[in-house]
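Let's take a walk through this structure together, one piece at a time. Have the sequence and the 3D view open as you read.

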Amino acid sequence: MKTLADLKKIREKAQEEMKLRGGNVRIKIVVGMGTSGIAMGAREVMKTFLEEISNRNLTDVLVTQTGEKGLSSMEPVVDLIEDGKPKVTYGNMTSDKVKKVVVEHIVNGRVVSDYVVATGN
Amino acid sequence: MQDISLHLLDIIENSARANARNIKVRVIRNVPQNRLRIIVEDDGVGMDSHTLEMAQSPFYTSKEEREKKVGLGIPLFKQNAEATNGCFKMASEPGFGTVLTVDFELDHIDRMPLGNLKDTLLGAIIGHPEVDFDLNLITKEKGLEQSFHFDTAAIKEELGDIPLTYPDVIEYIDQSLLEGIQNTNMEDV
């Protein structure tokens with residue numbers, strides 16, 4: 001059974017880490033979770049990002065969900081937002097594509113141009 | 001939508017977009033009454049009676065930027081519930097929030113499966129750090145009642161400034177939800 005005491009341990013560990021590296025969010029991931037996105041598999045996309053973050057122990061990324069933004073034919077859609085760089089929008093995402101984006105873009109800093117459907121604002 | 005948990009995710013997204021800060025979700029599987037009930041209650045902006053009625057039409061959306069005015073989320077959920085002798089009720093008050101109650105006949109041949117409740121809830125909780133979720137899963141079966149309660153406000157208080165996307169926190173929430181879903185027999189509903 002998970003208890004709040006487990007959370008306390010997690011918090012202490014996380015705070016130690018943040019002291020070492022400053023606690024900045026390097027990349028923000030925004031998963032489009034409108035009706036059409038959900039129907040096209042956005043929940044699986046979200047889940048895969050969370051699994052990858054957990055498995056690879058990525059402590060400097062943030063994932064959130066948002067409504068759709070008029071790219072319904074390319075759902076599921078994901079935005080990657082990094083400080084000082086233009087926003088990258090990936091479309092027609094799947095679980096496998098998410099894994100590739102995590103390795104290439106988030107870990108190694110190389111945009112996966114094959115999946116990009118828009119850049120900038 | 002292939003299952004009820006995807007509809008639930010869609011409804012939760014509606015609540016989040018209505019600027020809810022608190023979302024209560026109840027999933028009640030009542031075997032003696034042959035009913036599966038989903039209740040989503042939020043404290044978002046709410047709707048007046050006209051908007052409430054329009055929201056159940058497939059040709060209405062609150063999304064201003066949309067060129068084609070189509071909004072299928074609510075009408076499809078309603079249709080899928082009603083196809084099982086169930087019912088779909090929405091009540092709302094501007095400035096106070098919205099409550100949605102959806103009933104399915106549990107053993108109806110046309111009832112879609114509940115599906116992956118865990119991934120719906122995990123994504124919603126972590127994807128909306130600004131919202132506090134109060135979750136209750138209840139199963140009534142063979143004279144017994146099993147329930148699972150999960151309140152993210154308590155978790156966030158314990159975590160302080162550690163984000164919900166911290167790897168161990170994802171794992172914690174995932175495991176807690178998994179245990180709760182198993183303990184209330186909501187896995188293969």
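**Where the two chains meet, and beyond**

Start at A:Thr59, which, leaving out residues up to four places away in sequence, touches A:Glu17, A:Arg21, B:Tyr166 and B:Pro167. Keep in mind as you look around that this is a predicted model. You'll find A:Thr59 in the loop that runs between α3 (42-55) and β2 (61-66) of chain A. Is A:Thr59 buried or exposed? The cut-off for buried is under 20% relative accessible area, and A:Thr59 has 17% relative accessibility, so it counts as buried.

Setting aside neighbours within four places in sequence, A:Lys13 is in contact with B:Tyr166 and B:Asp168. A:Lys13 is partly exposed, with a relative accessible area of 36%.

Now for the inside. The largest nonpolar core has 80 residues, and the members that touch the most others in it are A:Val31 and B:Ile173. Take A:Val31: not counting residues up to four places away in sequence, its contacts include A:Ala42, A:Val45, A:Met46 and A:Phe49, along with A:Val77 and A:Val78.

Over in chain B, have a look at the sheet. It is an open one of six strands, in the order β3-β4-β2-β1-β5-β6, and the pairing is mixed. At the edges stand β3 (87-93) and β6 (144-151) of chain B; each has a single partner strand, so one side of each is left without a neighbour in the sheet. From one strand to the next, the twist averages 10°.

Let's zoom in on one pair. Strands of a sheet pair through backbone hydrogen bonds, either parallel or antiparallel. Strand β1 (residues 22-30) and strand β2 (residues 35-42) of chain B go the antiparallel way, over eight bridges. To spot the pairing, find B:Arg29, which stands opposite B:Leu36 in β2(B).

Helix α5 (residues 152-159) of chain B lies across β5 (132-141) and β6 of chain B, at about 40° to β6(B). Helix α6 (residues 167-183) of chain B also packs on the sheet, touching β5 and β6 of chain B, and its direction makes about 165° with that of β6(B).

Conventions
Residues are numbered from 1 along each chain as its sequence is written. Chains are lettered from A and ligands numbered from 1 in the order in which they are written. This is a predicted model: local features need pLDDT of at least 70, side-chain atom pairs count only at pLDDT 80 or more; totals for chains, interfaces and linings use all residues. Side-chain values use heavy atoms; hydrogens and water are left out. A nonpolar core is a set of buried Ala, Val, Leu, Ile, Met, Phe, Trp, Tyr and Cys residues joined through side-chain atoms within 4.5 Å. Buried means under 20% relative accessible area, exposed over 50%, partly exposed in between (1.4 Å probe, protein chains only). Contact means heavy atoms within 4.5 Å. Helices (H or I, at least four residues) and strands (E, at least two) are DSSP runs, numbered from the N terminus. Two strands pair if DSSP finds at least two bridges between them. Axes are lines fitted to C-alpha atoms, for helices over the stretch in contact, and angles run from 0 to 180 degrees between N-to-C directions.
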